[in-house]
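Work through the exercises below with the sequence and the coordinates open. Try each task before reading its solution.

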Amino acid sequence: MTEPSPVERLYAVLAAAGITLTAAELAEVLWLAARVAPAAVAPGPAAAAPPARPGPPAPPGPDGAVHGDILPPPPGADVYAAAGPAVDGAAALPVLLRADRALPAQRRLTRALRPLRRPVPSSRERELDENATADLVADTGVLDLALRPRRERWLDVALVVDDGLSMQVWRELSRELGALLQSAGIFRRVRSYGLDTRHPDGPYLSHRPFAAPGTPLPPRAVCPADGRGVVLVLSDAVGAGWREGRIEPLLAAWARTCPTAVLQPLPPRLWPGTGLRTETKLLTGARAGCPNTGWRVADPVLPPDLAPFGGLPVPVLEFGPAAVASWAALVAGTGAITVQVAEVDGAGRPAADVPRPAPGAEQAPDMRSRLALFHAAASPEAFRLAGHLAAVRPLTLPVMRLVQRAVLGGRSSPAHLAEVLLGGLLRRTPADGAPADATFTGGAPADRPAGDAAGRPVRYDFRPGLRELLLESLPSREVLGTAALVTDLLRRGTAGGRYLPALQAGTGGSAALPPGARAFAGTDTALLGHFAPGRAATDGGPVTDVPFGALAERDGALAALVREQRWPEAVELGEQVLERVLAESGPDHPAVLGGRFDLAEWIGAAGAPQTALRLCRDLLADLLARLGPDHGRVDALRARIGHWSGWSGDWAAAVAAYRDLLPEQERRLGTDHPDALFSRHQTAFWTAFGGDTAAALPLYRDLLPRQIRVLGPEDRETLRTRANIASMTGLSGRSAEALDLWRALLPDLRRTLGPGDQLTLVAEAEIGHWTGVNGDPAAALRMITPLLPRLAEALGPHHPTPYGFRRRAAQWTGETGDAAGAAALLRDLLADAGRWLTPEHPEILVGRAAHAYWTACAGGAAEGLRRLRDLLPELDGILGPDHPDTRWAREAVSRLAQEEHERAGGAHASPNE
């Protein structure tokens, strides 16, 4: 990795000190530093410098620039949104991508502000008047100087940015707007302020937007003392402070001192749903630069007696050059304008009744109803964009804007993305420090939005259950092409854009791909360019077979790496070997096609299943064209596509892949062929993995006699199916029968596989669990606890089974009387499992429900009951209403609600009763 440049290190030091400079400001600072003599420093005792230690790569800066060891993306890999800290086995490399600017039509906006560019005489500074001096000397003979007031720019501008949760979508836009005002050469001084509308002590004015809370500023600091200034408030006005009228005193104070307006980034059709009521009025300025109190207000249609206006007029401007130009003309005193106006006063109460959502009204009864409400209210563009965003995980605002530009084109408005963000579909991910139910809406919790502690972009995800419904709303061909659209957009490039951080899938690196990550773009190399799907075959002759697993035989060092399962090194060397084979034989040679399969397998084994899935899908098109759909190699590749789909986090796609493959295998190979049996097993496995145990149990029962007949009773796959039948039987409600099945299976496992095999360890833990279910929780805890570290070591962190047994150990801890200990164990479990499993995974959902339950049992009854109730729609939508865990959660809610009701009744009872 390269060392950061001196300029990058300087920028990082300034950013750490709270000083954010634009590129132009930094250039001026460096120019001045080279010409100003350094201050004298008193000598002190010499001290030995501490040894330098390498640190982690510097995080992205607030403007999207990266001040550390992050390079432009090398081609040939999938690209993902920036993720969290590194996790073993899911490595990725930080890269930079060029993206569009967030502020459109910058030149036209600068021209729209030109009416405010006028020089005026300074009241403080004077300069030499050469002509007057010459006249003075000629007339009087006295050698003296004649001075005149220096000409200076007319106005200051204060950009007050509402930095609420809903304004995150406009964060880059506000920063670029501030830079435009600074570089336009129109204003005397430019200052930016942050406005926290949710602060408990009222609106909180800070030195910088989206900065950590510091010393609050008084409202009078915004307007200059001489009144030569304008105030622009950038806000979507959806926060509670706008709906409750707590922002009005600020607007009124500024409007009485200098011209004040609100820049509304949302389109006018969405303004009725905000907290700022507006009316169409005709405004005329009494003089140039007068405050809002000097403006005459008239209705463009009705006479004054039918349309009275008693408050202060504050224009609400649609964000665009035309509206800004008309407002600038009003301030400059060159004409009257017709504009949307908010009537405010200084009493701190709403000037008009604004409808407020009833408590809990934003909570749809289920995910399908929530999506239907969004579909009815949103524009067609916003609904289409939401469907494409569902094909990407994780989501950050820069990635959302890239997808929007690729899907809707350059003429789409940022308001379309704002509709998605304000539609109640998304929430901040728990990994970013927000609660799991922190929905991105105007009524969101009052946590201050920011990046994480390292400055990485905030990540969002759809509420569980909504992603699948959105993917169903668009044709599959469109959604699958989302990454291709963004790739094409990135390939075309963006002139004058900016850089945003992203992740390149790989087999090593300092960052990580989060669970279930999906690529939003890809890159090309000269090597992979030969392998584009759909390319016409050459005349190299028919291909009758493709050797899988033969690439390592061409190089002894590569064979050794594969034998030792050193997958990252095998991928690196394997690419070189495949390049040589390609140069010697051409892209249609069987050895090249087989080498592509081998390379994809090694990439998946090295921790990048998403990239392995993409490579296998690309190879499938070529094998179908050369071998035909009935070839065994095609079947094997389709099976691997199902495998990597499941381990990429999409178990529904894995089930679909094996279900589609099974009939064709049975037709060609027979119902008892090992390949067909394997597809049956994988169908049942991924069905159970997704939480549908009721459907998985008959699949396993149908599979077992086939395996006994074909593979034998002591084959590992046969024993695994018996274990799955025992597990599914218990989850179906027959706990005693499940315990008997596990006890009968354990001796066969120990004899056949050995006492240290992972399947044997699982059987011992299952016996402990079902012992607890059948009435002995203390024995269950004694049996499961010592097995937990061995299970984690045997199965690895990706596998959900160790997390399931940790959840069961917490359950039996609570059942033995230690509710607080159970809640603590579950809290640690969720923190660990969240690094590997998606938010929709059954283990995560059930773990959250169990944590809420034991939190209630440990004394937090109200909080636990609320969280458990909020989880019921997700459990119903993902696990199903008849799933055992869903039924348990529903019964737990009823039991806790009854206990809460009894406690409340006891609190109001008479002391004598």
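Helices (H or I, at least four residues) and strands (E, at least two) are DSSP runs, numbered from the N terminus. The model is predicted: local features need pLDDT of at least 70, side-chain atom pairs count only at pLDDT 80 or more, and totals for chains, interfaces and linings use all residues. Residues are numbered from 1 along each chain as its sequence is written, and side-chain values use heavy atoms, with hydrogens and water left out.

**Exercise 1. Find the disulfide and give its handedness.**

Step 1. Apply the criterion: a pair of cysteine sulfur atoms within 2.5 Å. The count comes to 1 disulfide.

Step 2. Name the pair. C223 is joined to C258, with S to S at 2.5 Å.

Step 3. Locate both ends. C223 sits in the loop between strand 7 (204-206) and strand 8 (229-234). C258 sits in the loop between helix 7 (248-255) and strand 9 (260-264). The pair links distant parts of the chain, 35 residues apart.

Step 4. Read the torsion. It is about -55° about the S-S bond of C223 and C258, so the disulfide is left-handed.

Step 5. Check burial. C223 is buried at 11% relative accessible area, and C258 is buried at 0%. Now take two further cysteines. C290 is buried at 3%, whereas C857 counts as partly exposed at 36%.

**Exercise 2. Describe the nonpolar cores.**

Step 1. Set the rule. A nonpolar core is a set of buried Ala, Val, Leu, Ile, Met, Phe, Trp, Tyr and Cys residues joined through side-chain atoms within 4.5 Å. In soluble globular proteins, nonpolar side chains tend to be buried together.

Step 2. Take the largest core. It has 117 residues, of which L116, F187, W254, W327 and F520 touch the most other members. Helix 11 (residues 397-408) gives the largest share of this core, 8 residues.

Step 3. Look for another. A second, separate core of 36 residues includes L578, L582, L613 and L619.

Step 4. Zoom in on F187. Residues up to four places away in sequence aside, F187 touches L113, L116, R153, L155, D156, V157, L181 and V230.

Key: Buried means under 20% relative accessible area, exposed over 50%, partly exposed in between (1.4 Å probe, protein chains only). Contact means heavy atoms within 4.5 Å.
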